[in-house]
Amino acid sequence: MSQYTKVEWANNLLQDQYFLDVVAELKQLQLDRFENSKEYDIEDRQNAYYKLSAINDIFSHIQSIASQRIINEKRFKIF
């Protein structure tokens, strides 16, 4: 997959309302799991935190791919 194809794919994904809704739902599920866990259930809260971190990492990576075209265009303007 070429760089621009990745950028286009990432931009399309970030503009897809269904995808954004699914990501928000996944985040909320983990936040609810964290919030509703029992005081002694440390492992469940840790797992929710790890999953929330993974969701955020994936979403951030997609955002960085989408920004790559802008970064490349600005880089070429400097030189």
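This is a predicted model: local features need pLDDT of at least 70, side-chain atom pairs count only at pLDDT 80 or more; totals for chains, interfaces and linings use all residues.
The span we expect of a helix is 1.5 Å times one less than its number of residues. Helix α2 has 19 residues, and from its first C-alpha to its last it reaches 26 Å, close to the expected 27 Å.

Now let's step back to the whole protein. How many helices and strands does the protein have? There are 3 helices and 0 strands, so from the N terminus the order simply reads α-α-α. Of its 79 residues, 23% count as buried. The accessible surface comes to about 6300 Å², and 56% of that belongs to carbon and sulfur atoms. If you take the contacts with a separation of 6 or more, residues 24 or more positions apart account for 63% of them.

Which residues of α2 are buried? They are Phe19, Val23 and Gln30. These residues cover an arc of only 35° around the axis, which puts them on the same side of α2. On the face of α2 turned away from the buried side, you will find the exposed residues Tyr18, Glu25 and Glu35. And please look at the start of α2 as well: a side-chain oxygen of Asp16 comes to within 3.0 Å of the backbone nitrogen of Tyr18.

In soluble globular proteins, nonpolar side chains tend to be buried together. Here, the largest nonpolar core has 10 residues, among them Phe19 and Val23, along with Leu13, Leu14, Ile62 and Ile65. The elements that give two or more residues to this core are α1, which runs over 3–14, α2 over 17–35, and α3 over 42–78. Which helix gives the most? That is α3, with 5 residues.

Let's zoom in on two of those core residues. Leaving aside neighbours within four places in sequence, Ile62 is in contact with Trp9, Ala10, Leu13, Leu14 and Phe19. Ile65 lies in helix α3. Is Ile65 buried or exposed? Ile65 counts as buried, because its relative accessibility is 17% and the cut-off for buried is under 20%. Ile65 and Asn11 are 54 residues apart along the chain, yet their C-alpha atoms are separated by 8.3 Å.

My last stop is Lys51, also in helix α3. At 44% relative accessibility, Lys51 counts as partly exposed, since that category sits between the 20% and 50% cut-offs. Leaving aside neighbours within four places in sequence, Lys51 is in contact with Gln30 and Arg33. Lys51 and Leu31 are 20 residues apart in sequence, and C-alpha to C-alpha they are 9.9 Å apart in space.

How values were computed:
Residues are numbered from 1 along each chain as its sequence is written. Side-chain values use heavy atoms; hydrogens and water are left out. A nonpolar core is a set of buried Ala, Val, Leu, Ile, Met, Phe, Trp, Tyr and Cys residues joined through side-chain atoms within 4.5 Å. Buried means under 20% relative accessible area, exposed over 50%, partly exposed in between (1.4 Å probe, protein chains only). Helices (H or I, at least four residues) and strands (E, at least two) are DSSP runs, numbered from the N terminus. Contact means heavy atoms within 4.5 Å. The arc is that of the directions from the helix axis to the C-beta atoms. A polar contact is a pair of N or O atoms within 3.5 Å; within protein, one must be able to donate a hydrogen and the other to accept it, and residues adjacent in sequence count only if both atoms are side-chain atoms. Accessible areas come from the Shrake-Rupley method with a 1.4 Å probe; for residues, only the protein chains shown count as cover.
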